[in-house]
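Here is a briefing on one protein model. Look at the sequence and the 3D view before reading on.

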Amino acid sequence: MVVTVGRREIGIFRVDGQFYGLLNRCPHLGGPLCAGQIVTDVVSPVPGDVRTRPGRTFVTCPWHNWEFDIKTGQSYWNDRLRAMPFPVSVEGRDAAAALGTAARTPGPYQAETVPVAVEDDVLVLRLRPAQPAAAGTRATEAGA
Amino acid sequence: MTTALLEDRPRDQLWSGPVIDCDVHACVPSLDALFPYQDKVWVDAARERGYRGPTGLSLTYPPLAPTTARTEWRPADGRVPASELGLLQQHILDPWRVEKAVVNCYYAIDSLRHPDWAIAMARSVNDWLIDQWLDRDPRLSASLVIPARDPAAAAAEIDRVGKHPGFVQVLLPVRSERLYGQRVFWPLFEAIERNDLVAGLHWGGLAEHGPTPTGYASWYVEEYAEEPQVFGAQLTSMIVEGLFQKFPGLRVSVLEGGFTWLPTWAWNLNKKWKGLRREFPWVDRLPSEIIRDHFRFSIAPTDMGPPEQMRRIIDWLVTDDLLMYASDYPHLHTDDLHALLGLMPETMRANLMSETARRWYRFK
């Protein structure tokens with residue numbers, strides 16, 4: 001699901017019962033990341049021996065098909081590129097059961113975090129006060 | 001330019017350090033020269049049929065084409081260029097004061113479809129190389145040749161002579177029946193690795209399909225000009241098929257394939273890998289990194305354009321440890337080695353002229 005918050009689009013994914021959010025903007029060239037395919041990681045130690053890795057779920061950007069780990073925003077092959085992960089939690093009837101937060105690594109492509117919550121079956125998006133100057137501009141615009 | 005003849009500039013002025021020439025040719029003068037190294041059954045078979053040797057040779061290297069042998073290197077008495085050690089010594093080894101040279105003999109054995117005769121032919125070429133070249137000049141190393149259409153027989157031939165200290169490489173004609181990355185060739189590469197040899201991807205080969213990636217060309221010049229695309233297809237196949245995950249120690253030399261096409265080609269393959277790697281997940285890193293670890297390129301031909309453009313290509317190679325000097329004797333290239341060296345940093349010059357090849361072929 002992709003939701004719009006101000007001018008930002010955030011994709012919310014449910015993987016193995018947990019919720020994860022990613023900015024709908026590929027850190028490569030700005031493609032609509034969350035409109036891509038959702039796939040399971042495949043690895044192979046040697047030609048012909050191909051295995052999936054259940055639990056490692058990727059979204060692939062529709063522009064160049066790059067894979068990003070939905071949980072962390074990490075691209076598979078290049079540590080310098082990381083999609084923007086948003087912490088997503090379920091609040092309300094079971095507010096205590098927060099379902100996890102995506103890890104983040106400081107890097108050139110990191111963006112501001114926007115918590116996304118579900119309260120009584122209603123999506124609640126809370127925009128944080130801006131932190132870095134550049135991100136702050138967008139956050140203000142989005143909140144306006 | 002006549003760098004290869006050392007006319008414009010003495011050798012020491014061109015390069016004062018050691019020279020390793022990673023691609024010089026030994027040409028079989030005639031089928032008769034191989035008879036002493038063949039079983040009588042094959043000598044008789046040739047005589048009874050009037051067979052004069054693999055037909056593909058004159059297609060790959062038309063005998064009188066200007067590219068096949070530089071005029072200055074054609075013996076006046078009509079002997080086949082580069083067919084005797086004395087010629088190589090006189091034209092290259094001595095004037096260039098070559099420390100080591102890798103002899104490649106392309107005899108188009110792959111154009112001979114007789115499965116047993118092709119094996120016998122490859123054996124005889126290898127024994128001729130040992131007897132007439134390797135054992136007569138310690139500066140020489142060589143590529144052994146194989147019946148390329150038959151990977152199992154090729155592996156057997158590699159095991160038969162691959163331990164001879166003079167052989168450092170296995171010659172793989174770049175045009176092959178199937179792309180070399182495919183698993184049917186695993187026994188071949190297994191044997192190459194087992195014998196601690198390099199796979200030398202070299203111009204030549206008679207594929208089932210035409211010499212261009214999409215059929216027959218009308219003119220020889222087209223074949224000659226299209227060849228880099230065939231090299232590109234083989235590199236792509238070897239990388240995508242996971243040959244270097246299967247054989248992590250495998251070394252591949254690209255000989256007579258040029259290298260100016262490499263940066264754009266590798267960049268494109270990197271891009272394709274990022275987007276399509278799920279199809280071949282055994283490739284777990286950038287193709288350009290695989291190239292850096294597993295491939296080296298001879299500089300003949302260089303086909304160097306304007307120096308300022310060539311400098312960009314050299315920069316884009318990223319590493320200074322990828323290129324190896326080759327004269328490609330006796331073939332004609334009009335490359336200007338002096339100009340090429342002038343575009344390179346000092347470390348790259350030394351690597352190019354000797355050190356990359358020294359490490360690659362494990363010369364002392």
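The points below cover confidence, the contact between the chains, and then features inside each chain.

This is a predicted model. The predictor gives the complex an ipTM of 0.77 and a pTM of 0.87. Chain B has a mean pLDDT of 94, while the mean for chain A is 70.

**Confidence along the chains**

- In chain B, 99% of the residues reach a pLDDT of 70 or more.
- In chain A, 58% of the residues reach 70 or more.
- Residues 93–114 of chain A have a pLDDT that stays under 50. The model has 46 contacts beyond four places in sequence for this stretch.
- Residues 133–144 of chain A also have a pLDDT that stays under 50. Here the model has 14 contacts beyond four places in sequence.

**Where chain B touches chain A**

- The contact involves 15 residues of chain B and 18 residues of chain A.
- About 1,400 Å² is buried between chain B and chain A. Carbon and sulfur atoms give 61% of that area.
- Which residues of chain B lose the most area to chain A? They are B:Lys274, B:Arg277 and B:Arg278. Together they account for 44% of what the chain B side buries.
- Between chain B and chain A, 6 residue pairs are in polar contact, with both residues at pLDDT 80 or more.
- Two elements of chain B give two or more residues to the side that touches chain A: helix 9 (243–246) and helix 10 (262–276).
- Helix 10 of chain B gives the most to that side, with 5 residues.
- The chain B side that touches chain A has 5 nonpolar, 3 polar and 7 charged residues.

**Salt bridges**

- Side chains of opposite charge can pair when their charged atoms come close.
- Over all chains, the structure holds 28 salt bridges.
- How many salt bridges are there between chain B and chain A? The count is 3.
- A:Glu67 forms a salt bridge with B:Arg277. Their closest N and O atoms are 2.7 Å apart.
- Inside chain B, the side chains of B:Asp127 and B:Arg160 meet in a salt bridge, at 3.1 Å from N to O.
- B:Asp127 lies in helix 5 (residues 115–132) of chain B and B:Arg160 in helix 6 (residues 151–161) of chain B, so this pair ties together parts that are 33 residues apart in sequence.

**The sheet of chain B**

- Chain B has an open sheet of 8 strands, with parallel pairing. The strand order is 1-2-3-4-5-6-7-8.
- Why is one side of strand 1 (19–25) and of strand 8 (323–324) of chain B left without a neighbour in the sheet? These strands stand at the edges, so each has a single partner strand.
- Strand 7 (residues 295–298) of chain B is joined to strand 8 of chain B by 2 bridges, and the two strands run parallel.
- B:Ser298 stands opposite B:Met324, which is in strand 8 of chain B.

**A hairpin in chain A**

- Strand 4 (residues 38–46) and strand 5 (residues 49–60) of chain A run antiparallel and are joined by 7 bridges.
- A:Val39 stands opposite A:Phe58 in strand 5 of chain A.
- The hairpin of these strands has 2 residues between them. In this hairpin, A:Gly48 takes a positive phi near 95°.

**Backbone details in the loops of chain B**

- The peptide bond from B:Ala300 to B:Pro301 is cis, with omega near 5°. B:Pro301 is found in the loop between strand 7 and helix 12 (307–316) of chain B.
- Another cis peptide bond joins B:Tyr329 and B:Pro330, with omega about 5°. B:Pro330 is found in the loop between strand 8 and helix 13 (337–342) of chain B.
- B:Arg97 has a phi near 45°, a positive value in a residue other than glycine. B:Arg97 is found in the loop between helix 4 (85–93) and strand 2 (98–104) of chain B.

Conventions. Residues are numbered from 1 along each chain as its sequence is written. Chains are lettered from A and ligands numbered from 1 in the order in which they are written. Side-chain values use heavy atoms; hydrogens and water are left out. Contact means heavy atoms within 4.5 Å. Buried area is the accessible area (1.4 Å probe) that two parts lose on being put together, summed over both. A salt bridge is a side-chain nitrogen of Lys or Arg within 4 Å of a carboxyl oxygen of Asp or Glu. A polar contact is a pair of N or O atoms within 3.5 Å; within protein, one must be able to donate a hydrogen and the other to accept it, and residues adjacent in sequence count only if both atoms are side-chain atoms. Helices (H or I, at least four residues) and strands (E, at least two) are DSSP runs, numbered from the N terminus. Ala, Val, Leu, Ile, Met, Phe, Trp, Tyr, Cys and Pro count as nonpolar, Asp, Glu, Lys and Arg as charged, and the others, Gly among them, as polar. pLDDT is the predictor's confidence in each residue, from 0 to 100. Two strands pair if DSSP finds at least two bridges between them.
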